[in-house]
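These are my notebook entries on a protein model that I examined element by element. I began with the overall picture and then followed single strands, helices and residues.

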Amino acid sequence: MRKPLRTLLAAALVLGVAAGPAALSPAFAAHVPAAAVAGPDLSAALAGLPRADATAALVRVGGTEGSWTGAAGVHDLESGAPADPAGRFRAGSVTKVFTAAVVLRLAEECRIDLDRTARSYLPELIPGRYATVTVRQLLNHTHGIPAARLPGETVEEWYERRFAVYEPEELVRDATAQPREFRPGTRQHYLNIGYTIAGLIVERVTGDTYEHAVERRVLRPLGLRDTYLPGREAGIRGPHNHGYQRMRLDDGTTGLRDVSVWRATDGWAAGDLISTTADLERFTRALFAGRVVRGPLLEEMFTLPRVADLTSGAPAAYSAGLSMKRLGGREVWGKTGGRWGYNAAIASTRHGERTLVYSVNATDAKGQDMNRTALGLMIAAYGLPD
């Protein structure tokens with residue numbers, strides 16, 4: 001959901017971030033033209049961590065305009081040790097970019113046709129009321145299929161079910177048993193369910209698991225050794241900074257609970273990726289340079305459907321895998337993601353002049369408003385919305 005400009009401005013003023021894109025710090029200055037070295041320091045967005053909204057943050061800025069890396073906060077609240085700059089984290093809906101890339105790669109291989117219906121690939125799973133939904137509409141959120149209904153209404157209830165296992169077929173059956181939200185192709189509504197179906201189509205056409213398809217077509221070719229899809233694993237393998245969520249505790253008070261261990265099977269192909277900022281930066285550069293998806297199919301990721309958002313009525317902001325915002329006078333394409341305890345994002349200008357990757361150990365990672373630290377990093381890197 002787009003945030004009102006006054007909300008962004010207020011947050012920027014609190015953070016001390018000016019309206020223009022940042023010069024990014026003295027460390028960045030050595031890599032950019034002198035003319036670019038003016039304005040706020042990107043590190044201002046990281047100052048004071050840990051604090052109420054986040055316990056740690058990792059950030060990498062790159063591209064032809066220069067590079068900068070930063071880390072702040074703590075590895076965990078118990079030890080107070082510094083945050084590990086190479087730590088893994090849950091990337092949430094950034095997973096959708098990987099899923100879209102794999103679907104488009106399979107389209108390059110003529111194994112998936114974006115204009116074919118999802119039902120033609122999964123006839124036993126997609127009912128007649130959704131018979132016209134195409135693969136392209138799954139990827140750009142214009143399919144009209146509602147979200148699957150998951151038990152629980154509060155973070156405390158979801159925490160109690162953190163080890164629950166949700167099968168993707170089960171989620172699809174629940175979603176498609178409901179009436180459609182709109183006629184396919186006429187509106188846009190950002191939801192996970194289209195990517196859950198896309199993951200199942202990947203499995204159907206490859207005869208392999210979704211996880212192996214991502215590994216074979218993206219992770220292995222790019223050398224993303226610290227990125228993986230955890231399946232039913234609840235923990236994060238290897239070094240990682242702990243994630244915390246503000247919630248009601250056992251004694252009735254409100255405080256922070258360590259939520260680092262939490263199964264993400266409800267997200268699957270829409271949101272269960274685990275990665276590092278270094279790996280995501282490498283992926284972002286390769287993607288925008290046309291080394292992951294090639295030729296005309298890459299343009300699917302930079303083409304917004306000409307429909308309105310279902311809830312806001314604003315023009316569609318999501319393409320196949322990515323979304324677009326105008327920041328600091330130019331188009332910025334990317335994807336944010338949130339799992340309990342973790343916010344993440346990848347972003348870039350269209351031709352890679354400036355890329356941004358961050359992980360924020362947010363205490364409000366799935367809140368209605370964008371996390372303060374994450375918002376500060378985005379504005380510092382690119383500037384305020386036009």
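**Entry 1: the hairpin of S1 and S2**

I started at the hairpin formed by S1 and S2, where five residues lie between the strands and Gly63 has a positive phi near 110°. I note here that the model is a predicted one. The two strands run antiparallel and are paired over six bridges. Within this pairing I found Ala56 bridged to Gly73 in S2. I then checked the cover of S1 and found eight of its nine residues buried.

**Entry 2: overall counts**

I recorded 11 helices and 12 strands for the protein. Of its 386 residues, 56% count as buried. The accessible surface is about 15700 Å², and carbon and sulfur atoms account for 52% of it. I also looked up how far contacts reach along the chain: among those between residues at least 6 apart in sequence, 70% join residues at least 24 apart.

**Entry 3: the sheet**

In what order do the six strands of the open sheet lie? I read the order as S2-S1-S12-S11-S10-S9, with antiparallel pairing. Strand S2 (68-73) and strand S9 (323-327) form the edges, each pairing on one side only. On average, neighbouring strands are turned by 20° against each other, direction ignored.

I went through the pairings one by one. S1 and S12 are antiparallel and share seven bridges; in this pairing Ala57 stands opposite Val360 in S12. S10 and S11 are antiparallel over eight bridges, with Gly337 opposite Ala344 in S11.

Strand S11 (residues 342-349) and strand S12 (residues 355-362) are joined by six bridges and run antiparallel. Ile346 stands opposite Val357 in S12, and Ala345 has Tyr358 in S12 as its bridge partner. The hairpin of S11 and S12 has five residues between the strands, and Gly352 there shows a positive phi near 75°.

Two helices pack on this sheet. Helix H10 (residues 277-288) touches strand S1 (54-62), strand S10 (330-339), S11 and S12, and its direction makes about 145° with that of S12. Helix H11 (residues 372-382) touches S1, S9, S10, S11 and S12, and its direction makes about 165° with that of S12.

**Entry 4: cover of S11**

Why is S11 described as largely enclosed by the rest of the structure? I found eight of its eight residues buried, so the strand is largely enclosed. The burial holds for both faces: Tyr342, Ala344, Ile346 and Ser348 lie on one side, and Asn343, Ala345, Ala347 and Thr349 on the other.

**Entry 5: Ser359**

Leaving out residues up to four places away in sequence, I listed Ala56, Ala57, Leu58, Phe89, Thr277, Asn343 and Ala344 as its contacts. I also looked up the separation of the C-alpha atoms of Ser359 and Val59: they are 6.5 Å apart, although 300 residues separate the two along the chain.

**Entry 6: nonpolar cores**

Which members of the largest nonpolar core touch the most other members? Among its 70 residues, these are Phe98, Ile197, Ile201, Phe283 and Met301. Helix H3 (residues 95-108) contributes the largest share of this core, nine residues. For Ile201, I found contacts with Ile112, Ala118, Tyr121, Leu122, Val135 and Leu138, leaving aside neighbours within four places in sequence. A second, separate core holds 25 residues, among them Trp68, Val332, Ala380 and Ala381.

In helix H7 (residues 168-176), I found Pro168, Leu171, Val172, Ala175 and Thr176 to be the buried residues. They lie on the same side of H7, because they cover an arc of only 115° around the axis. Their cover includes helix H8 (193-206).

Terms used
Residues are numbered from 1 along each chain as its sequence is written. This is a predicted model: local features need pLDDT of at least 70, side-chain atom pairs count only at pLDDT 80 or more; totals for chains, interfaces and linings use all residues. Side-chain values use heavy atoms; hydrogens and water are left out. Two strands pair if DSSP finds at least two bridges between them. Helices (H or I, at least four residues) and strands (E, at least two) are DSSP runs, numbered from the N terminus. Axes are lines fitted to C-alpha atoms, for helices over the stretch in contact, and angles run from 0 to 180 degrees between N-to-C directions. Contact means heavy atoms within 4.5 Å. Buried means under 20% relative accessible area, exposed over 50%, partly exposed in between (1.4 Å probe, protein chains only). Accessible areas come from the Shrake-Rupley method with a 1.4 Å probe; for residues, only the protein chains shown count as cover. A nonpolar core is a set of buried Ala, Val, Leu, Ile, Met, Phe, Trp, Tyr and Cys residues joined through side-chain atoms within 4.5 Å. The arc is that of the directions from the helix axis to the C-beta atoms.
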